[in-house]
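Please keep the sequence and the three-dimensional view at hand while reading the points below.

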Amino acid sequence: MAKRESTFINMVLTLFVVTFVAAAALGFVYDLTKDAIEAAKMKAQSEAIEKVLPEYDELGESFKIALSASEDSIEVFPAYSGDKLVGLAVKTFTNKGFSGFISVMAGIDNSGNLFGYEVLEHAETPGLGSKMNDWFRNTGKPAQNVIGKNPQSHRFEVTKDGGDIDAITASTITSRAFLDALTRAFEAYNNTNQQLETKKTSL
Amino acid sequence: MNQWKNFSKGFIKENPVFVLLLGMCPTLGVTSSAINGLGMGLATTFVLLMSNIVVSLIKSQIPDKVRIPSFIVIIAAFVTVVQLVMQAYVPELYKSLGLFIPLIVVNCIVLGRAEAFASKNNLVTAAVDGLGIGLGFTFALVLLGGIRELLGSGKLFDIIIYSENYVTLLFVLAPGAFIVLGYLIAIINRIKKD
């Protein structure tokens, strides 16, 4: 078959058809995968919530709170056992990571201590900053462990900055960012905890 | 052309990474572990295969002056398909490759094959070429990723081989990628000479 000439009308038509077909195909695939993507995201999120909180019966309605006008709001998931609030899972974040954004699910029990955490998203250096998901829960090394602590009992900053938490070896920036995310989670916790308990009892 | 030769050229003789030195950005960026290399390689292989097939099918319908934009649209469409499918069915892998999947669009291997090969050959030859080059790319990434993972974190495909206390961290960082790549290129050049 002879090659089509590069006349104006041919070029416009070709580009139109190519982009049209591509767009239609993408729309079709998007529709096909939309539910699965949503489900995968929800699953990752609910698994993380289960890991970071004490045992609970049901999750209350999640809500968002804004800590300051300039930042994105933070999503908070209250967990109840019967009528009692057992803890809050806070989907917190920081933009101070070595590669920017880090998202962490932090679980705070009803006595205000960190019960667990799970790093959801990060782009830190493999072998260095990426160790944060294990490093800060090492109960064998109390100086680097954050589980069971809170910002009143310990300063959530790396020891180099005068805090009480040992930073990951050779990853001080990631460690600072991680603790920044946790501090933000506690801020959110303090802002919501009281109003939440009254909300539940008034129901 | 002999189809087997056409297929196997991607592994050593015309390996996109070691010989053609194309697509260096994903090569150096994602190969901090063997599994990342494998995922990236297979995603690229799929895009290469599909875009080669489509370009070969419609080559006579595309006017010369708009062939590059048309190819790019076709490639971008397949990359987006890969991205959506990975996000839906292998979210773990998607999380670790994340940023590099959209970058397949600008991977010169894909456009290079479409322009230099698929637009001049028939459907079967183009498909075999796409598959061969894609798997050659995968082979290179897995090799590079495997060596870096083994030296840099003491693991291979996430299985611990030796203690983390003896690893050379340099190899999972960016300079390690260049060092390993340099040695691999030298070795491949030696093999090619025989």
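In this predicted model, A:Arg184 touches A:Leu67, A:Glu71, A:Ile74, A:Thr92, A:Phe93 and A:Thr94, when residues up to four places away in sequence are not counted. The points that follow begin with this residue and then turn to strands, a pocket, helices and loops.

- A:Arg184 belongs to helix α3 of chain A, which covers residues 172-202.
- Is A:Arg184 buried or exposed? Its relative accessibility is 10%, and because buried means under 20%, A:Arg184 counts as buried.
- Among the residues that A:Arg184 touches are A:Thr92, A:Phe93 and A:Thr94; strand β4 of chain A, described next, spans residues 84-97.

- Strand β4(A) is mostly covered, with 10 of its 14 residues buried.
- Strand β3 of chain A, residues 74-81, runs antiparallel to β4(A), and 7 bridges join the two.
- One residue pair illustrates this: A:Tyr80 has A:Leu85 in β4(A) as its bridge partner.
- The hairpin of β3(A) and β4(A) has 2 residues between the strands, and A:Gly82 in this hairpin takes a positive phi near 65 degrees.
- β4(A) is also joined to β5(A), by 9 bridges, and these two strands run antiparallel.
- In this pairing, A:Ala89 has A:Gly107 in β5(A) as its bridge partner.
- A hairpin is formed by β4(A) and β5(A), with 2 residues between them.
- How many bridges join β5(A) to β6(A)? There are 6, and strand β5, residues 100-109, runs antiparallel to β6(A).
- A:Ser103 has A:Glu121 in β6(A) as its bridge partner.
- The hairpin of β5(A) and β6(A) has 4 residues between the strands, and here A:Gly112 takes a positive phi near 85 degrees.
- Strand β6(A), residues 114-121, is largely enclosed by the rest of the structure, because 6 of its 8 residues are buried.

- The volume of the second largest pocket is about 390 Å³.
- Its lining consists of 16 residues, and those nearest its centre are A:Val18, A:Val21, A:Ala22, B:Val54 and B:Ile74.
- Which elements each supply at least two residues of this lining? They are α1 (8-52) of chain A, together with α3 (34-58) and α4 (67-89) of chain B.
- Helix α1(A) provides the largest share of the lining, 7 residues.
- By residue type, the lining of the second largest pocket divides into 13 nonpolar, 2 polar and 1 charged.

- A:Ile9 has a relative accessibility of 55%, and because exposed means over 50%, A:Ile9 counts as exposed.
- From A:Ile9 to A:Leu53, the separation is 44 residues in sequence and 63 Å in space, C-alpha to C-alpha.
- Helix α7 of chain B, residues 123-153, has 31 residues.
- From its first C-alpha to its last, α7(B) reaches 43 Å, close to the 45 Å expected at 1.5 Å a residue.
- After α7(B) comes B:Gly154, with a positive phi near 70 degrees.

**Positive phi outside glycine, and one distance**

- A:Ala170 is a residue other than glycine with a positive phi, near 65 degrees.
- A:Ala170 is placed in the loop between α2 (132-135) and α3 of chain A, and at 63% relative accessibility it counts as exposed.
- B:Leu21 is likewise a residue other than glycine with a positive phi, near 50 degrees.
- Where is B:Leu21 placed? Its place is in the loop between α1 (3-8) and α2 (24-30) of chain B.
- With a relative accessibility of 45%, B:Leu21 counts as partly exposed.
- B:Ser96, in helix α5 (residues 91-97) of chain B, is partly exposed as well, with a relative accessible area of 39%.
- B:Ser96 and B:Leu21 are 75 residues apart along the chain, and 24 Å separates their C-alpha atoms.

Technical notes
Residues are numbered from 1 along each chain as its sequence is written. Chains are lettered from A and ligands numbered from 1 in the order in which they are written. This is a predicted model: local features need pLDDT of at least 70, side-chain atom pairs count only at pLDDT 80 or more; totals for chains, interfaces and linings use all residues. Side-chain values use heavy atoms; hydrogens and water are left out. On a 1 Å grid over the protein atoms alone, a cavity is a set of points where a 1.4 Å probe fits but cannot get out, and a pocket is an open set with protein on both sides within 12 Å along at least five of seven lines; lining residues have an atom within 4 Å of a point. Grid points are joined across faces, edges and corners, and a volume is the space filled by probe spheres set on the points. Ala, Val, Leu, Ile, Met, Phe, Trp, Tyr, Cys and Pro count as nonpolar, Asp, Glu, Lys and Arg as charged, and the others, Gly among them, as polar. Buried means under 20% relative accessible area, exposed over 50%, partly exposed in between (1.4 Å probe, protein chains only). Contact means heavy atoms within 4.5 Å. Two strands pair if DSSP finds at least two bridges between them. The expected span of a helix is 1.5 Å times one less than its number of residues.
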